[in-house]
Amino acid sequence: ENAPFDVGEGEELMELKRIIPDFLSTSGDVSIYVKSRMSPKGTKSVNGPYTAQQATAFLDMRIKARQLALKFVGATTGGFWRMIAIRLDLYKTGAKR
């Protein structure tokens, strides 16, 4: 799980539309959870699991927040996975709530 990140100074809302995983290899499925908050001390929402495999091109979603964090969990007992990179289709919404 990574630390929460935000856009700029955290004043702008962002929308996550797609995760594009790039796995080197997997044995079994990988569950991806997206944790979101509207403020650093705000209530955490957990979205997912989104299931990915080595052949998964992208995962569609629509999550608006000020902070996001990603968590990857092997969904298969005895399985493993190795990721090269992850790309996020992430946009500023322009809203400053």
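# A walk through an all-strand chain

Among contacts in this chain (heavy atoms within 4.5 Å) between residues at least 6 apart in sequence, 76% join residues at least 24 apart. Before you click on anything, note that this is a predicted model, where local features need pLDDT of at least 70, side-chain atom pairs count only at pLDDT 80 or more, and totals for chains, interfaces and linings use all residues. Residues are numbered from 1 along each chain as its sequence is written, and side-chain values use heavy atoms, with hydrogens and water left out.

**Stop 1: the whole chain**

Show the chain as a cartoon. You'll find seven strands and zero helices; both are DSSP runs numbered from the N terminus, with helices being H or I of at least four residues and strands E of at least two. The order of elements from the N terminus is β-β-β-β-β-β-β. The C-alpha trace spans about 45 × 25 × 20 Å along its principal axes.

Of the 97 residues, 30% count as buried. Buried means under 20% relative accessible area, exposed means over 50%, and partly exposed is in between, with a 1.4 Å probe and protein chains only.

**Stop 2: the four-stranded sheet**

Select E1, E6, E3 and E4. In that order they make an open sheet of four strands with antiparallel pairing; two strands pair if DSSP finds at least two bridges between them. E1 (5-6) and E4 (45-52) stand at the edges with a single partner strand each, so one side of each is left without a neighbour in the sheet.

Now zoom in on E3 (residues 30-37), which pairs with E6 (residues 67-74) in the antiparallel sense over eight bridges. On to E4, which runs antiparallel to E3 and is joined to it by six bridges. Here Ile-32 stands opposite Tyr-50. Six of the eight residues of E3 are buried, so this strand is largely enclosed by the rest of the structure.

**Stop 3: the nonpolar core**

Which members of the largest nonpolar core touch the most other members? Select Val-34 and Met-61: they hold that spot among its 15 residues. Such a core is a set of buried Ala, Val, Leu, Ile, Met, Phe, Trp, Tyr and Cys residues joined through side-chain atoms within 4.5 Å. Strands E2 (14-27), E3, E4, E5 (59-65) and E6 each give two or more residues to it. Leaving aside neighbours within four places in sequence, the contacts of Val-34 include Leu-16, Ile-19, Met-61, Ile-63 and Leu-70.

**Stop 4**

Not counting residues up to four places away in sequence, Ser-36 touches Thr-43, Lys-44, Ser-45, Asn-47, Ile-63, Ala-65, Gln-67 and Leu-68.

Hop to Gln-67 in E6. Gln-67 is buried too, with a relative accessible area of 14%. With the sequence neighbours up to four places away set aside, Gln-67 touches Pro-4, Phe-5 and Asp-6, among others.

**Stop 5**

Back on E4, find Pro-49. A cis peptide bond joins Gly-48 and Pro-49, with omega about 15°. For background, most peptide bonds are trans.

Lys-71 in E6 is partly exposed at 30%. Its C-alpha atom is separated by 7.8 Å from that of Lys-35, 36 residues apart along the chain.

Finish at Ala-85 in E7 (residues 80-92), which counts as partly exposed at 27%. Beyond neighbours within four places in sequence, Ala-85 is in contact with Ile-20, Pro-21 and Asp-22. The C-alpha atoms of Ala-85 and Phe-23, 62 residues apart along the chain, are separated by 7.2 Å.
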